[in-house]
Amino acid sequence: MRIPLVGKEPIEAEDTGFTLIHEHLRVFSEAVRYQWPHLYNEDEELRNAVNEVKRAMQFGVKTIVDPTVMGLGRDIRFMEKVVKATGINLVAGTGIYIYVDLPFYFLNRSIDEIADLFIHDIKEGIQATSNKAGFVKIAADEPGITKDVEKVIRAAAITHKEAKVPIITHSNAHNNTGLEEQRILMEEGVDPGKILIGHLGDTDNTDYIKKIADKGSFIGLDRYGLDLFLPVDKRNETTLKLIKDGYSDRIMISHDYCCTIDWGTARPELKPKLAPRWSMALIFEDTIPFLKKNGVSEEVIDIIFKENPKKFFS
């Protein structure tokens, strides 16, 4: 399968180049924005996204994967504007981001009906455009695998088998949700090599991370800069240990950066305290130099940022 891009023709997997696997151009609370649009400034949001993407591109980033789906404010037309202004290769996804309950629409609707919506985005297009999704995004967090969260996970598995796209997850690194997501997906017949369990870099418990990698899935060390979960220096040490222990071909590194986010816990005034260095450039300014200083070769850097995304999407 060729990889669909927002606002561009699809590309072959080998053409992805240096890839940031988990970044958000914009995240917002969909219900709030619909009811109180005066709280939002799209011109400012577009400037934020364009400036951050251009900054990443200066470091050689060719492709950005944006797992903003329902529940996070996916807006494919906004994504198109960023692509037009920057030229970045942008891969959009389909899926549902919840921690507990699905919206009322899904009451008495089946797992297959949820999967049909995901498949529509992949085969027909997103939000009445010709832009198609290239992967499925699912989530589980502090509440664990609730009944509705499990429905979405199983719908993602159906989608994977029908549409042949990979799956990216949000997990909580401290309550086993990553292993549970992986277990359910594999139980449904998903190829573990087409699963990326996200946010495992929020812990320095490498034994837990290795359990997921040893089952054949990719491991997301993808929240660089979110010091409130784990500081950069500890993330760097964890990454280095995993590389030295032979897991380079399973690692994906990114920031989970949100160029604009309206969540109360991420208000601009809190950023200097909770995430002072969070951006799409941090890994270039800190992590890659740290890894090279500690003996990691350019070849291994290429495996993590070029070869692993290529394998994931191919």
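**Figure 1. Lining of the second largest pocket in the predicted model.** The second largest pocket is lined by E30, A31, M70, G71, Y97, I98, Y99, P103 and W263. The model shown here and in the other views is predicted. This pocket holds about 290 Å³ of space. Sorted by class, its lining comprises seven nonpolar residues, one polar residue and one charged residue.

**Figure 2. The largest pocket and the residues nearest its centre.** The space in the largest pocket amounts to about 920 Å³. A total of 44 residues line this pocket, and those nearest its centre are I261, W263, T265, A266 and W278. Two elements, α2 (42-58) and α9 (271-274), each supply two or more residues to the lining. Of the elements, α2 makes the greatest contribution, namely three residues. Nonpolar residues number 22 in the lining of the largest pocket, alongside 11 polar and 11 charged residues.

Figure 3. K137 is located in strand β7, which spans residues 136-139. The UniProt annotation "modified residue: N6-carboxylysine", from an unreviewed entry, covers K137. K137 counts as buried because its relative accessibility is 1%, under the 20% limit for that class. Leaving aside residues up to four places away in sequence, K137 touches the histidines H22, H24 and H170, together with P67, V69, L72, T94, G95, I96, Y97, I168 and T169. A polar atom of the K137 side chain lies 3.3 Å from the backbone oxygen of P67.

**Figure 4. N176, a loop residue with positive phi.** N176 is placed in the loop that runs between β8 (167-170) and α6 (177-187). Its phi is near 75°, a positive value in a residue other than glycine. Most residues other than glycine have a negative phi. N176 has a relative accessible area of 34% and is therefore partly exposed, the class between 20% and 50%.

**Figure 5. D256, a buried loop residue with positive phi.** The loop between β11 (251-253) and α9 contains D256. Phi of D256, a residue other than glycine, is positive, near 55°. D256 counts as buried because its relative accessibility is 7%, which is under 20%.

Notes. Residues are numbered from 1 along each chain as its sequence is written. This is a predicted model: local features need pLDDT of at least 70, side-chain atom pairs count only at pLDDT 80 or more; totals for chains, interfaces and linings use all residues. Side-chain values use heavy atoms; hydrogens and water are left out. On a 1 Å grid over the protein atoms alone, a cavity is a set of points where a 1.4 Å probe fits but cannot get out, and a pocket is an open set with protein on both sides within 12 Å along at least five of seven lines; lining residues have an atom within 4 Å of a point. Grid points are joined across faces, edges and corners, and a volume is the space filled by probe spheres set on the points. Helices (H or I, at least four residues) and strands (E, at least two) are DSSP runs, numbered from the N terminus. Ala, Val, Leu, Ile, Met, Phe, Trp, Tyr, Cys and Pro count as nonpolar, Asp, Glu, Lys and Arg as charged, and the others, Gly among them, as polar. UniProt positions are given in the numbering used here, feature names are shortened, and annotations may be inferred rather than shown by experiment. Buried means under 20% relative accessible area, exposed over 50%, partly exposed in between (1.4 Å probe, protein chains only). Contact means heavy atoms within 4.5 Å. A polar contact is a pair of N or O atoms within 3.5 Å; within protein, one must be able to donate a hydrogen and the other to accept it, and residues adjacent in sequence count only if both atoms are side-chain atoms.
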